Amino acid sequence: MKRVALVTFAIALSAPAFAVPETFVIDNNHTFPSFSYSHFGYTVQTSRFNKTSGKVVLDKAAKTASIEVVIDTPSVDTGSALFNEHIQGADFLDTSTYPTATFKSTGVTFDGDKPVAIDGNLTLKGVTRPVTLKVSSYQLMPHPMVKKDAIGANATTTVKRTDFNAGKYAPYVGDDVTISIAIEAIKE
């Protein structure tokens with residue numbers, strides 16, 4: 001019996017260690033999706049959402065991940081109370097009918113240990129379309145204040161707002177909308 005236990009222990013020690021996927025919860029105080037578009041060709045306007053939730057599940061050894069982001073659309077912040085109300089209307093975000101927008105990943109491309117692209121489905125105003133977020137920066141390290149591992153990333157994609165039934169005034173107000181997300185998430 002002792003010999004079987006020793007052999008089992010020796011096999012366990014010689015087997016490669018398997019990483020366990022880790023879950024990181026989005027830090028709403030440091031995660032801000034934003035969007036920008038041409039305003040009649042005069043300027044590029046940028047607005048953001050102030051409430052976001054979700055999670056990132058990362059398996060460092062397997063180089064796989066999944067991301068889910070839920071955006072509270074009534075938290076849109078244009079810098080103007082009047083325009084916040086306007087953009088929440090049925091012609092644009094229709095926040096009374098669709099109080100959330102979501103992004104759910106379908107695949108993540110890594111270059112070494114860092115994600116460089118995230119494929120997924122963006123749902124806005126009840127319409128779901130595939131998008132690819134290009135990751136421009138990524139960091140995984142211990143957070144100096146909360147003493148847990150944390151992830152930070154910036155990612156961007158461009159969509160057509162007419163594809164999401166939000167095309168009022170297009171093409172005068174730009175149909176192309178650049179969506180950027182600065183995300184920070186803390187390990188559970």
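What share of the contacts between residues at least 6 apart in sequence join residues at least 24 apart?

1. The share is 55% in the protein chain. This is a predicted model, and the points below concern its computed geometry.

2. Overall make-up. The protein chain holds two helices and 11 strands. Along the sequence the elements follow the pattern α-β-β-β-β-β-β-α-β-β-β-β-β. Of the 188 residues in the chain, 35% are buried. The accessible surface is about 11100 Å², and carbon and sulfur atoms account for 58% of this area.

3. Nonpolar core. The largest nonpolar core has 36 residues, and those that touch the most other members are Phe35, Val69, Ile118 and Ile183. Strand β9, which spans residues 127–142, supplies the largest share of this core, with five residues.

4. Phenylalanine 35. This residue has a relative accessible area of 11%, so it is classed as buried, the limit being under 20%. Leaving aside residues up to four places away in sequence, phenylalanine 35 touches Gln45, Thr46, Ser47, Phe49, Val76, Ile87, Val177, Thr178 and Ile179.

5. Aromatic pairs. The structure holds three of them. In one, phenylalanine 35 and tyrosine 37 are stacked, with 6.3 Å from centre to centre and 15° between the planes. Tyrosine 37 is counted as buried because its relative accessibility is 8%. The rings of phenylalanine 92 and tyrosine 169 also form a pair, with centres 6.3 Å apart; their planes stand at 35°, so this pair is tilted.

6. Surface patch. Tyrosine 169 also belongs to a nonpolar surface patch of about 550 Å², made together with Phe40, Tyr42 and Tyr172. Where does phenylalanine 40 lie? Its place is the loop between β2 (32–39) and β3 (43–49). Phenylalanine 40 has a relative accessibility of 42% and so counts as partly exposed.

7. Which peptide bond is cis? The bond from alanine 170 to proline 171 is, with omega near 10°. Proline 171 is located in the loop between β10 and β11. Asparagine 165 is placed in the loop between β10 and β11 too. Its phi is positive, near 55°, in a residue other than glycine. At 52% relative accessibility, asparagine 165 counts as exposed, the threshold being over 50%.

8. Lysine 147. Another positive phi, about 60°, occurs at lysine 147, which is not a glycine. Lysine 147 is in the loop between β9 and β10. With 68% relative accessibility, lysine 147 is classed as exposed.

Technical notes
Residues are numbered from 1 along each chain as its sequence is written. This is a predicted model: local features need pLDDT of at least 70, side-chain atom pairs count only at pLDDT 80 or more; totals for chains, interfaces and linings use all residues. Side-chain values use heavy atoms; hydrogens and water are left out. Patches are made of residues with over 30% relative accessible area and no salt bridge: like charges are joined within 9 Å, nonpolar side chains (Val, Leu, Ile, Met, Phe, Trp, Tyr) within 5 Å. Accessible areas come from the Shrake-Rupley method with a 1.4 Å probe; for residues, only the protein chains shown count as cover. A salt bridge is a side-chain nitrogen of Lys or Arg within 4 Å of a carboxyl oxygen of Asp or Glu. Helices (H or I, at least four residues) and strands (E, at least two) are DSSP runs, numbered from the N terminus. Buried means under 20% relative accessible area, exposed over 50%, partly exposed in between (1.4 Å probe, protein chains only). A nonpolar core is a set of buried Ala, Val, Leu, Ile, Met, Phe, Trp, Tyr and Cys residues joined through side-chain atoms within 4.5 Å. Contact means heavy atoms within 4.5 Å. Rings of Phe, Tyr and Trp (its six-membered ring) pair if their centres lie within 6.5 Å; planes under 30 degrees apart count as stacked, over 60 as edge-to-face and the rest as tilted.
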